[in-house]
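Subject: Structure handover

Hello,

Here is the structure you asked for.

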Amino acid sequence: MSPVTIPEVEHAYPGSTGCPGCGANLVMRYLLKGLGERTILTIPACCWAVMPGYWPSHCLKVPMVYCAFEATGASLSGMRAALDMKGVEDVTVVGFAGDGGTVDIGLQALSGAAERETDALYVMYDNEAYMNTGIQRSGATPWGAWTATTPVGPSRDYKREPKKDIMSIMEAHGIPYAATVSVAHPEDFVKKAKKAKDVRGFKFIHALSPCPPGWKMNPMKTVEVARLAVDTNVFPLYEIENGRVRITKKGKGLPIKDYLSIQRRFGHLTEEEVKRMQESVDSSFKALEQREAREG
Amino acid sequence: MRKVMTGNYASAYGAKAARAEVIPAYPITPQTSIVEKLAEFVSTGELRAKFVPVESEHSAMAACVSASILGARTYTATSSHGLALMHEVLMWASGARLPVVMTNVSRAMAPPWSVWADHMDSVAERDTGWMQFFCESNQEVLDTIIMAYKVCESRGIMLPAMIIEDAFILSHTSEPVDVPDQDAVDSFLPSYDPEMKLEVGKPMGFGSLVRPDQYMEFRYKSMLAMREARDRILSVETEFKQVFGRSYGGLLDEYMCDDAEVALVAAGSVAGTARTVVDRLRAKGMRVGLARIRAFRPFPFQEFRSLASKVSGIAVLDRSYTHGAAGAFFTEIQGALYDVPKRPAMKNYIAGLGGRDITPDVIERIFEDILVRCERGSDPEPEWIDVVGLPRRQS
Amino acid sequence: MSRSYEDIPLTPISDTPSTMNMTGLWRVFRPVVDLDKCKKCTLCWKFCPDAAIVLVDGKPKIDLRYCKGCGICANECLAECIIMVKEEAE
């Protein structure tokens, strides 16, 4: 008896042109395992606009539309409206966008789609920078990270601003379901995708998507680093259902340096700076736990 | 059924008659009454459609594109800065070969801020792969929307179209308009059933990455489609006339040009004024005519060459200006006539920017000037009409 | 490989499975599985970003036509039965 814990059916073909060890490939794979074949995707400019391969290659067993970079939310509303007019209801309409396409250039259309209560699921695969264009900072790049536009160099201009808190932004829209997921925890991921599928209205999933070239790490470490993000509470796994938060997978509470040290994008940080990051993570996680206790 | 209505309501009634199914819309002066009326039609159930209140024009066009990919007939309306914001997605609609139809209430671009008519917004989008139809009357606005869907959705074409009505001059001026019988429209324009669309359960990617060794072939196909659209516009208009009794002169609407010595080329509502001036000057024995650009895209290339064979002078009135060059109509017409056997004298007149009235007097002066040009030859320098501070030409 | 304009759709609609892309050619390190040591944990299958592993009786069969050699399977394997071997060293 093999301990297969997620659906065996694959909705992705091999031969995608993502980088070796790409976290975004795992995000898509688990997402579709949760959603099933009655799914239709819209994907803006991002790694995933390239990963299906050059025409006529398509790496998914579901249909997808390519949309403009900043237009994912609008594309979702248009698709849902067309399906509604045709009386097609049993379909999950999914926007699948990177972090730049979500928290930066796509934020307006995303906010619009959420406010319009478009019946759709928006998935942000977060590799914490503009990776498809070659590792430039985005609003989702964490404090302290090197990117090509936040160089370390003599003036140490690495990112000095904290990561934009997209989960809070989405929650403020009053959406019925929002969740964080990790490629190291596919069971939790698939469960949340299934749950989101059955909720009417606008749903949001934030997936941490490790990027070996952008995070400057060995591609074999993709799942390991994602697991460490959860175990160090850098990226806690939780869901917000109708305004109530629930932590779905407790981390081990490991020190943040375990997570940072296998990524060279953080290699320049001093002990003092790592300590500062630890304090920030501790206080955010404590706030999350307190909130869960309050609402639980 | 005849109703008195504004150009904007004519747009809304046109979209309703065409049974648009998805209408994403964002308000902008002076387009708002189009989308207000459509929201009302949807709300009362007079039009079975989804009205999607998007948060920007960029999103309006993006929603049109995605809905159209799934096989829905889509309509939206905008103006000036809204159209400029859509620019990227206009290219998307044409590149993805989607028959989206949109009204642009043509308005000046800021700064200086202006909500009034000129053609800068529309002309700036001439390269986006959309058909562009400039309208002279509210009736033409309504009729052209219906015809545009039929042209756009034709199998060999599959391109979007922009219906252009001048800000306020048409958008907010009431005229009697015949709203065609719905059954007649339904048989003229069957429901949208595209050959290619994205369907649930059919795995495919719509709009993929294409290598340099294949990109040009897709662009070549768009070029062929736009070329084919010339004939299709004419045949659809012929059919429309048979059913509804109205037509608008194809791509280049000529008035009294056959025996004319000189012709004025203009687009949009000013053509109405120009017709009365032509009549007045004809009564004085002057052989003048009007050639109204109805379709700027596809460009009426052959029509202009045929016009050039009839007249000795062509005055081109541009209600926009391409800085560093000249009026866009002028440069394109000039290009089309480069190798005709007998080139007429030509001159470019820039007038009516930012909603300034183009009066019959202005048009009369243009005719007088181009008649002189027939003797003296072309003037390469565009003339800006009635700019305060410039010496005023005496008629 | 380029097709005539007459033989392509109006716009690039992709309907050919990406198995047309032999991404295995990118590989620098090749996963080598010691099936005798395999404890059928199935983690290699679960964490393969490229869906290039199928399970046969609970044990991995890696499709080397598509495996890019990222090494996640080797890193995650509980039984440590997968090692990465440099391609030219075979």
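Chain A and chain B bury about 3100 Å² between them, 69% of it on carbon and sulfur atoms; buried area here is the accessible area (1.4 Å probe) that two parts lose on being put together, summed over both. This is a predicted model, in which local features need pLDDT of at least 70 and side-chain atom pairs count only at pLDDT 80 or more, while totals for chains, interfaces and linings use all residues. Residues are numbered from 1 along each chain as its sequence is written, chains are lettered from A and ligands numbered from 1 in the order in which they are written, and side-chain values use heavy atoms, with hydrogens and water left out.

Chains A and B

In this interface, 35 residues of chain A are in contact with 38 residues of chain B, contact being heavy atoms within 4.5 Å. There is 1 salt bridge across the interface, a salt bridge being a side-chain nitrogen of Lys or Arg within 4 Å of a carboxyl oxygen of Asp or Glu. The partners are B:Glu55 and A:Arg116, with their closest N and O atoms 2.7 Å apart.

On the side of chain A that touches chain B, β3 (64-66), α3 (72-85) and α5 (107-115) of chain A each supply at least two residues. Helices (H or I, at least four residues) and strands (E, at least two) are DSSP runs, numbered from the N terminus. The largest share, 10 residues, comes from α3(A). By class, this side of chain A has 22 nonpolar, 7 polar and 6 charged residues; Ala, Val, Leu, Ile, Met, Phe, Trp, Tyr, Cys and Pro count as nonpolar, Asp, Glu, Lys and Arg as charged, and the others, Gly among them, as polar.

Strands also pair between these chains: β3(A) runs parallel to β9 (residues 205-206) of chain B, joined by 2 bridges. Two strands pair if DSSP finds at least two bridges between them. A:Val65 has B:Phe206 in β9(B) as its bridge partner.

Chains A and C

Chain A and chain C bury about 3000 Å², 60% of it on carbon and sulfur atoms, and 43 residues of chain A are in contact with 36 residues of chain C. The count of salt bridges between them is 2. In one of these, the side chains of C:Lys46 and A:Glu187 meet at 2.4 Å, N to O.

The side of chain A that touches chain C draws at least two residues from each of α1 (23-35), β2 (57-58), α7 (186-198) and α9 (222-231) of chain A. Of these, α1(A) gives the most, with 5 residues. The class count for this side is 22 nonpolar, 13 polar and 8 charged residues.

Here too there is strand pairing, with 2 bridges joining β2(A) to the parallel strand β2 (residues 16-17) of chain C. A:His58 is the bridge partner of C:Pro17 in β2(C).

Sheets in chain B

One open sheet has 5 strands in the order β4-β5-β7-β6-β13, with mixed pairing. Its edges are β4 (75-79) and β13 (295-297), each with a single partner strand, so one side of each is left without a neighbour in the sheet. Within the sheet, β5 (residues 101-106) and β7 (residues 161-166) run parallel and are joined by 6 bridges, and B:Ser106 stands opposite B:Asp166.

Another open sheet has 6 strands in the order β10-β12-β11-β14-β15-β16, also with mixed pairing. The edge strands β10 (252-255) and β16 (383-384) each pair on one side only. Between β10(B) and β12 (residues 288-293) there are 4 bridges in the antiparallel sense, B:Glu254 being partnered with B:Ala291.

Backbone details

The peptide bond from A:Trp55 to A:Pro56 is cis, with omega near 5 degrees, and A:Pro56 is in the loop between α2 (47-50) and β2 of chain A. The bond from B:Arg297 to B:Pro298 is also cis, with omega near -5 degrees. B:Ser80, in helix α4 (residues 80-95) of chain B, has a positive phi of about 30 degrees although it is not a glycine.

Regards
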